[in-house]
Amino acid sequence: MKSELHRNILIATDGSDNTLRAISCGIELAKLSGATVYALYVVDTPSTISETWTLGKEMIYEVMRKDGEKAVSKIKKLGEASGVEVREVVLDGYPSNEIIDFAENNNIDLIVMGTLGKTGLDRFLIGSVAEKVVRGSKVPVMVVRAYW
């Protein structure tokens, strides 16, 4: 069954177990609508790797990049097991900005991402990529709360 509503679904992941529920929801939606999934991981280079920091910078970047490749590969395997086409994308930059830019520049119909549902001081200290995407995206966003 093909749907005109969702042709391209972006599943944003940070590679953590907190995104598993969102990944499952995104793949199920893609399966029902016949959509292609774009599995996206953003290496948070501006926050993690300082411009003035030189010692071990390349090594740390490579580790982070490999983590991203593993994360999107996992989505690809789960999608293919469900008969869903998955394209893997790993980008560098600020996660919320890159997610929004990718969605708006690649005909994405829906962004699916997870959240921990933190509030108060926890949210203030760690920030919320999901919240920034919801506030800044022109593309509809489905935020799926992680299991507790």
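Biologist: Is valine 144 buried or exposed?

Modeller: Buried means under 20% relative accessible area, exposed over 50%, and partly exposed in between (1.4 Å probe, protein chains only). Valine 144 has 8% relative accessibility and therefore counts as buried. Please note that this is a predicted model: local features need pLDDT of at least 70, side-chain atom pairs count only at pLDDT 80 or more, and totals for chains, interfaces and linings use all residues. Residues are numbered from 1 along each chain as its sequence is written, and side-chain values use heavy atoms, with hydrogens and water left out.

Biologist: Where is valine 144 found, and which residues does valine 144 touch?

Modeller: Helices (H or I, at least four residues) and strands (E, at least two) are DSSP runs, numbered from the N terminus. Valine 144 belongs to strand E5, residues 141-145. Contact means heavy atoms within 4.5 Å. Leaving aside residues up to four places away in sequence, valine 144 touches Arg21, Ala22, Cys25, Val112, Met113, Gly114 and Thr115.

Biologist: Which residues touch the most other members of the largest nonpolar core?

Modeller: In soluble globular proteins, nonpolar side chains tend to be buried together. A nonpolar core is a set of buried Ala, Val, Leu, Ile, Met, Phe, Trp, Tyr and Cys residues joined through side-chain atoms within 4.5 Å. The largest one here has 21 residues, and Ile9, Ile11, Val37, Ile75 and Val112 touch the most other members. Among the elements that give two or more residues to this core are strand E1 (8-13), helix H1 (20-33) and helix H3 (57-81). Another core, of 16 residues, lies apart from it and includes Ala12, Ile100, Ala103 and Val133.

Biologist: How many salt bridges does the count come to?

Modeller: Side chains of opposite charge can pair when their charged atoms come close. A salt bridge is a side-chain nitrogen of Lys or Arg within 4 Å of a carboxyl oxygen of Asp or Glu, and by this rule the count comes to six. In one of them, arginine 7 pairs with aspartate 109, with the closest N and O atoms 3.4 Å apart. This pair links distant parts of the chain, 102 residues apart. Arginine 7 is partly exposed at 40% relative accessible area, whereas aspartate 109 is buried at 16%.

Biologist: What separates lysine 76 and glutamate 80 in helix H3?

Modeller: These two residues are four residues apart in helix H3, so about one helical turn separates them.
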